[in-house]
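Please work through the following exercises with the sequence and the model at hand. Each task is followed by a worked solution.

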Amino acid sequence: MPKPESHSHLDAQARWALMAVALGAFCVQLDSFALNLALPVVRDALHGSATATPWVVSGYLLAAGSLMPLAGRLGDVYGRRRMLTTGLALFGVTAVLCALAPSLPLLVAARVAQGAGGALIMPVGLALLTHACPPGRGRRVMGRALGLAGLATVCGPFIGGVLARSVSWRAVFWLTVPLVVVAALGARRAAESRDPDAGSSLDIVGAVAATGVPACLARWLEHVAAWGWAVGAVLLGALFVRAERRSPAPLVDLALFRNRPYVALTVAGAVANSATVALWYVVPWTLQQTAGWSVRDAGVALVVPAGALAVGGPLAGRVRPAVAVPVMALCLAAAAVALAATSTCGTGTPALLTAATVAAAALGVAGGLTLTGTQAVVRRARAGEASGVTKAVMTATAGAGLAVTGAGAGGGIRPSLLLPAAVCLATGVALVCGLVLPLVHGRVPVRALVPVRRGAGGHGTGGRRAGMLRAGGRRLGARRAGGRWAGRRQAGRRLSGERDGAGRASTTSTEQAGVGPRRAAEPRWRAPVGPGQASTGPAPVSRAPGRRAPVGPTWVSRSYGYGSMAGDAVMR
């Protein structure tokens, strides 16, 4: 059984880690969106073209999203504190270069390098928090950091627009420099952690392919008609799978994608993130273009929805891993209703802002739950790898949020949130039908909780898993086992009676026949398979003497090497 959540206070190193990750995530998200409204000012100041100026934002997002799988694995291999400090230093130096850039090409180059620093900060920071906090506290602490990052996501465009028009667009970068310095000092005081089973080698081919897939996918989602990017993503994805299967030290263990709760939370988080992007595009557009509000008035009106989105992170940290997928489905359903209501409300009315606030709160919880929940359903040693994949998927698919609203369609078409609402609702229904209902009815296969044996290179041996269990199969196996023992006892009594009638001793005959009752020291549940052998009987589990196997819905990693809570267990 999993241990109850610990309520001990954070030690000094964990508090330093929290401060470093929270400030780092705030800076990464702030610089992701602060220049959205300031791009016209940047173009006029640097005399750039209309086609090159958007790369100030796109280059940063592409670099950050595509490098996150590699960054997460670098933290697992070479140390998470070291990589977080490196990422913060790179982010701060490139922020200074962006603030001093004399031309648009140099600004774009500095922004790409800044995105690389942001890629190191996010997944490595989340993995560092997972290891720095006591068991049971990591989700809540991570929720606080994500809440601050969510606040920067929403307030970034407003802050950037105000600074660009009142001070200078360069002030956006100068603002993050002191925050990054403080975060780097805090990171140096955090405890170091890494994957103890990881070697010193790195899968270069897998790293190149893993970097190219999110980049091609993001470009295709921004320009759906350009199918060349989609073909490139498919080809690089095939190369990535081939390289990871053959590599002795893969960048991403493909067994991660057989972890059903992890995959479900990651896909749902990508949908929630895309819907959030769509919400923060459509609502300000509606207030400004239809209701005639100014940029400042629209920004002030969005303070309450922004606060609701930021609160979602801490709330997600309080959700237990056992109910992460059902809560995610509920959040997506609530967001779907609120998004649909936002599209049907009158412009400039309190109903519009109320619906936007509800949608922001639901999507905030869903986005935070994606990161906290996925960290809880994977093995702690590979937390950086898992968070890197999750963040890469969420960043690469963010552009789909604008595509489904009809933005840029032209012809005076008003962007709508009806399609994002439908996608959220469909994803929520898929989660319920794919995981929640099979779990309730006992049809979700789980793995036996057996000790994990380590072999060369950190991979498990054949005795890693004794077999596969089902919630209903455990009860059936117990009944069958009890029936077999009862039959043996009755056969032993009959044999003993026959030998008593013949004048022979009855105390040893049943033992010689091998059908007598169990000895008291024998375990109640015995595993009939050895290392490397296949399981053919029902419910083979090694248990302590007299202890019953747990019965009830249990989610366990379907792959070796992934799991938390002192073993391969993922959720209970």
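This is a predicted model: local features need pLDDT of at least 70, side-chain atom pairs count only at pLDDT 80 or more; totals for chains, interfaces and linings use all residues.

**Exercise 1. Describe how helix H1 packs against helix H6.**

Solution. Begin with the axes: those of H1 (residues 12–33) and H6 (residues 138–166) come within 7 Å and cross at roughly 25°. Angles under 35 degrees count as roughly parallel, so H1 is roughly parallel to H6. Next, determine the handedness: H1 passes H6 in a right-handed crossing. Then list the residues that meet. On the H1 side they include Leu18, Val21, Phe26, Leu30 and Phe33; on the H6 side they include Val141, Arg144, Leu148, Thr153 and Ile159. Finally, sort the contact by class: H1 with H6 has 15 nonpolar, 3 polar and 1 charged residues.

**Exercise 2. Describe how helix H10 packs against helix H15.**

Solution. The axes of H10 (residues 260–290) and H15 (residues 383–396) lie 8 Å apart, and the helices pack at an angle of about 35°. The crossing of H10 and H15 is right-handed. H10 contributes Tyr262, Thr266, Gly269, Ala270 and Asn273 to the contact, and H15 contributes Ala386, Val389, Thr390, Val393 and Met394. By class, the contact of H10 with H15 comprises 6 nonpolar, 4 polar and no charged residues.

**Exercise 3. How many aromatic pairs does the structure hold, and how is each arranged?**

Solution. A pair of aromatic rings is described by the distance of the centres and the angle of the planes. The structure holds 2 aromatic pairs. In one of them, Trp169 and Phe173 are 6.3 Å apart centre to centre, with 90° between the planes, and the pair is edge-to-face. In the pair of Trp220 and Trp227, the centres are 5.5 Å apart and the planes stand at 45°, so this pair is tilted.

**Exercise 4. Are Trp169, Phe173 and Trp227 buried or exposed?**

Solution. Buried means under 20% relative accessible area, and exposed means over 50%. Trp169 has 3% relative accessibility and therefore counts as buried. Phe173, at 0%, also counts as buried. Trp227 has a relative accessible area of 55% and is therefore exposed.

**Exercise 5. Where is Gly150, and how far is Gly150 from Gly368 in sequence and in space?**

Solution. First, locate the residue: Gly150 is in helix H6. Its relative accessibility is 12%, so Gly150 counts as buried. Then compare the two separations: Gly150 and Gly368 are 218 residues apart in sequence, while their C-alpha atoms are 8.8 Å apart in space.

Note on methods: Residues are numbered from 1 along each chain as its sequence is written. Side-chain values use heavy atoms; hydrogens and water are left out. Axes are lines fitted to C-alpha atoms, for helices over the stretch in contact, and angles run from 0 to 180 degrees between N-to-C directions. Helices (H or I, at least four residues) and strands (E, at least two) are DSSP runs, numbered from the N terminus. Angles under 35 degrees count as roughly parallel, over 145 as roughly antiparallel, 65 to 115 as roughly perpendicular and the rest as oblique. A crossing is left-handed if the near helix is turned anticlockwise from the far one by less than a right angle, and right-handed if clockwise. Contact means heavy atoms within 4.5 Å. Ala, Val, Leu, Ile, Met, Phe, Trp, Tyr, Cys and Pro count as nonpolar, Asp, Glu, Lys and Arg as charged, and the others, Gly among them, as polar. Rings of Phe, Tyr and Trp (its six-membered ring) pair if their centres lie within 6.5 Å; planes under 30 degrees apart count as stacked, over 60 as edge-to-face and the rest as tilted. Buried means under 20% relative accessible area, exposed over 50%, partly exposed in between (1.4 Å probe, protein chains only).
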